[in-house]
Amino acid sequence: MNMKSIKKTLFAFLATALFAGTSFGQMVGTNAFLMGTNQEIGIHTNGYEGTSPGSIPAPFPTHYRGFTTRLAFLSNADLSVPWSTDNYMGDVIMPGSPEGRFGMEVAGTTVWNSSATGGPGITSYGLSNYTIYGRCKSVDWDGNYAGIDVHMTYIMDTTKTYYRILISLTNTTPLPKSNVYFYKSLDPDNNQDVGWGFSTTNTVEANPTPFCPKALVSALSVAPGGGTDTPAYFGLGGIGSDIRVARGSFFVTDGSDVYDGTGPMIGVVGSTAFADQAIAICHRDVTLAAGATSEFEFVVIMAEEELEEALTAQYYLDYDGADAYALCTDDIEPDTLYQDCAGSTILEVTGPMLDAYTWTWTNAETGAVVGTGPEIEVTPAGTTHYICTGVPIGGCFVLPIIREVVVVATGVGPDPEITDPGPQCSPFPIEDLIVVDLEGLPGTFFEYYSEEPDSIDDPTDIWGGGPIGPDDEIWLLAGDVDGGCYVKIEINLTFIEIDAGIDSTGFLMCNSGLETVDLNTFLVDTILVDAGGMFEEVTPTGGAFDPMSGIFDPTGLAAGDYVIRYIALGGALCDNDTSLHTITVYDQPTAGADNTGIICNAPGLTFDLNTLLAGHDAGGFWSEVTPTGGGFDPLSGIFTVGGFITPGDYVFEYTVVGTAPCIDDVSEFTISVIASPAVNAGPDQSICIGDPTSVSASGDPAAYVWDPAGILDGVPFTPAVGTLTYTVTATNAEGCVATDDLDIVIHALPVISFSASDLEGCAPFETEFSIVSDVELVSTDWFYGDGDVMIGSTTPTVSHTYLFGGLYDVRATVVDIYGCTNSVEYADYITVEDQPIARFTMNPPSVFTNDTEVHFSNESLFASDYIWNFGDGSAETDVMNPVHFFPEEVGDVFYPVELKAYNYLGCIDSVTLFMNVKGIILFYIPNTFTPDGDQFNETFQPVFESGFDPYDFHMVVYNRWGEIVFETYDATIGWNGTYGSNGLVNEGVYTWQIDFKELHSDKRHMHNGHVTLLK
């Protein structure tokens, strides 16, 4: 049971009958047109955007920028009504510029179908299945390459400014295909009339990471005409770990370049460029197995405000009979359960990388959450409106995804109601349960089970009778024999159990006042009812126990056992239950008060620590905390000093042992042993000759006297060279004496000199300086004379670079290992000349092959000699300002002209400029041709010798009524005298117009003329 069927009508308008000749047709010839309120798309029979060249435009209102013979994709970017005339988004595709294509790379070979270069590189089966569904219009295209069937569905929501492209690739061969790339690239000449050289700001905004599956590349155009309108936005996007975007070349020739960001394509997130280049998106299948199909989706976005909506449009609700076009209608599609009893159905959200969202399902009427995750099973009791909400995780996506469905359930089953008998103190007779069917179905029966039944007539686990206990599992099955419906309900009765818990004994406490105990923590396995429980004393505690809180405080309580009773109250239905809890209390001992004593460290003295005891319990013992080396007797408590004890504080303890949990009590006694006074003459000193110094003694309070006589604490004096010893004597109030001394060493100043590795050179001039001393040095400060210094150098040799010409004094100041300082300086020690600077100008800056004479002006500085090399194979010259003739035989050549400049030290500089020798544009246009089939003079076309760009050429031929009889963008293709399907035209004079761009510049040329056609 619980099966379902979906009842819905899928309305599709097939426009096949309207394709030819009507004013409302959406296909003209082999071209398809998807027209919306704010966007218009033209699709070629080869599958790309951009209708056939020269085709009749769609027979209904369209919006164009520039030429009106081809429609690719346009959007009303600012949603103006009517469309503005200067802020369209998109392209009008023409051969050459702009360019749009899609392609495949299989086994390392890439082919494409292109709006500019034609096709198909991928075999085209053409367009089919033009469909209108709700707000959406769609058309299919099919093709094949390398045994892989390609299917694309263009879907446009006519109220939006983006459209979707659903792609499927099916391997029809018996072998797997590896590394299959499918890409789409567009040269986004946004917001522009048809022309050449348009640039946009192209940016790689996102590529998939383990935390974000989004791929997005955008192009932002300049405001039209340099005005103040908002720049138009254009983007290509997709969702999936196997989709990548990139920017780069004008057109894409390798799918793997887009996916890997290699070759001319750049896939680094955040990279941007203002250029006339393509943006592209690519999907890769690492392996496409034989017979397997890969499905994915690209989206083309022409308004930044709808970016997030466009990327997430591919998420939809999936269920039995679900509609992938549900977003195209305002109605929420119902999923109806047609069963005798309400059944279940699976609701699932479908789309790429579902883990990028958290999914929550709610009942629209009640707001209750009915499930989480991308898939749930629901069993509605009637018609129910479900809302699925996907909230983006992290910063990958911005907008939540909201999808809705209505599920309609039919059929009625039993609705049993059980009267609750209330709390029970003992097992309850099952026959006393009162059960009624609220639906009042005549065939309803009731059966009890010891486990959950599986069906309306489950013969197993039927309850055998007898009362229901607190540990029994009981299920009620209410069934309708006539309708076949049933309901299962687990019966949960309330049983009253009373238990005061387990008795406890042996809890020990001390009456020291350091702890209390909560007898509530003694309660184990208690079972209480509403009446609760209470404590009462069995052994009187004299107020030590609080029966309301259960706290027992034994502070000052006499030692002994104390019993407390806990009573679990059964109330009106059940008897009370009790448990007993015993606490044993012990007395806390005391070791008395702490104390101190003092003794001098003289021979024969002792200290009796027993004289320091006060307020203590008898029976304690002595111990030493600070080791005395045998000076203390713990049995007698006598401390013998004797002159051998190290002066200081010695700690001793008196301990009275307590009975657990009472702790031992300890009193502490500190005996200070007084020593001779401490004295410190200070650290030894090392000074330089002539430096003053002083001495200062420190230590215990005492009188200080220095030897030799006449030296006083803190008074400066200047000793002679050598090493001298000074002694201080200290005497304290007890007459104890101590001495200390220090040595003072006096050093001579270091003798130093330095030298340079080179004394002259050209700027920048680098030389090394080396210092020499009779004593080991710690550091050297260098003063180079040009404002730069080196402070604290620890090496004997340093390097310095002089940046400007001049004479420089050099000084070195040193500190030796004794801290003594000395300096030496050399005047006008370093000579530096300025570095030559080579530079020149050319007049003229470029020439043509018919006049190659060029004058050179030498503008070099700080040089005396020169050498010229003109880069054309001619001999070098040392003339100051030469005149040179470049070769006339070859045009469009850049010659590197180099000038070297020298000075007397041999310092050199060079500079190179390029002279452009340009070729002259040469071409010939005939004025007569004879397309009579004799193989001579059969076509009319210009003949170019040199100087023009073959990729930027346009020729149109008109008859005398101004009609275009021939048009080409390829200079190698001429007019053969025919006009469409009318065959060869009449003899006569025809007008032509040609425009092209120079090969090495942006300069354009336009020519008009006449040609006579003779048969």
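The accessible surface of the protein is about 48,700 Å², and carbon and sulfur atoms hold 54% of it. Keep in mind as you work that this is a predicted model.

## Exercise 1: The overall picture

Find how many helices and strands the protein has, and what share of its residues count as buried.

Solution. Start with secondary structure: the protein holds two helices and 77 strands. Next, turn to burial: the chain has 1015 residues, and 43% of them count as buried. Finally, look at the contacts between residues at least 6 apart in sequence: 62% of these join residues at least 24 apart.

## Exercise 2: A phenylalanine in a strand

Decide whether F33 is buried or exposed, and work out how far its C-alpha is from that of H44.

Solution. Begin by placing the residue: F33 belongs to strand β3, residues 31-35. Then check its accessibility: the relative accessible area of F33 is 1%. The cut-off for buried is under 20%, so F33 is buried. Last, take the distance: F33 and H44 are 11 residues apart in sequence, with 9.2 Å between their C-alpha atoms.

## Exercise 3: Two surface patches

Name the residues that form a negative surface patch, then those that make a nonpolar one of about 270 Å².

Solution. First the negative patch: its members are E451, D454, D461, E473 and E490. To place one of them, follow the chain to the loop between β32 (444-449) and β33 (467-468), where E451 sits. With a relative accessible area of 43%, E451 is partly exposed. Now the nonpolar patch: I434, V436 and L438 make it, and it covers about 270 Å². I434 is part of strand β31, residues 434-437.

## Exercise 4: Salt bridges across the sequence

Work out how many salt bridges a search of the whole structure finds, and which parts of the chain are linked by the bridge between R164 and E297.

Solution. Step one is the count: the search finds 11 salt bridges. Step two is the pair itself: the side chains of R164 and E297 meet at 2.7 Å, N to O. R164 lies in strand β12 (residues 162-171) and E297 in strand β20 (residues 293-301), so this pair links distant parts of the chain, 133 residues apart. Step three is burial: R164 and E297 are both buried.

Now try a second pair: find the partner of K488 and say where each residue lies.

Solution. K488 pairs with E452, and their closest N and O atoms are 3.0 Å apart. K488 is in strand β35 (residues 486-491), while E452 is in the loop between β32 and β33, so the bridge ties together parts 36 residues apart in sequence. For accessibility, K488 is partly exposed at 32%, and E452 is partly exposed at 40%.

Solution. The side chains of E536 and R565 form a salt bridge of 2.2 Å, N to O.

## Exercise 5: Backbone geometry

Find where P661 and P764 lie, and what the phi values of A107 and A146 are.

Solution. Take the prolines one at a time. The bond from A660 to P661 is cis, with omega near 10°, and P661 is in the loop between β48 (648-656) and β49 (665-674). The bond from A763 to P764 is also cis, with omega near -5°, and P764 is in the loop between β57 (760-762) and β58 (765-773).

Now the alanines. A107 has a positive phi, near 55°, in the loop between β7 (100-106) and β8 (109-114). Its relative accessibility of 69% makes A107 exposed. A146 has a positive phi of about 55° and lies in the loop between β10 (136-145) and β11 (148-157). At 32% relative accessibility, A146 is partly exposed.

Definitions and conventions: Residues numbered from 1 in each chain as written. Predicted model: local features only at pLDDT ≥ 70, side-chain atom pairs only at ≥ 80, totals over all residues. Heavy atoms only, no water. Patch = residues over 30% accessible without salt bridge, like charges linked within 9 Å, V, L, I, M, F, W, Y side chains within 5 Å. Areas by Shrake-Rupley, 256 points an atom, 1.4 Å probe, with all protein chains shown as cover. Salt bridge = Lys/Arg side-chain N within 4 Å of Asp/Glu carboxyl O. Lys, Arg positive; Asp, Glu negative; His and termini not counted. Charge placed at Lys NZ, Arg CZ, Asp CG, Glu CD. Helix = DSSP H or I, 4+ residues; strand = E, 2+ residues; numbered from the N terminus. Buried < 20%, exposed > 50% of the residue type's maximum accessible area, 1.4 Å probe, protein only. Contact = heavy atoms within 4.5 Å.
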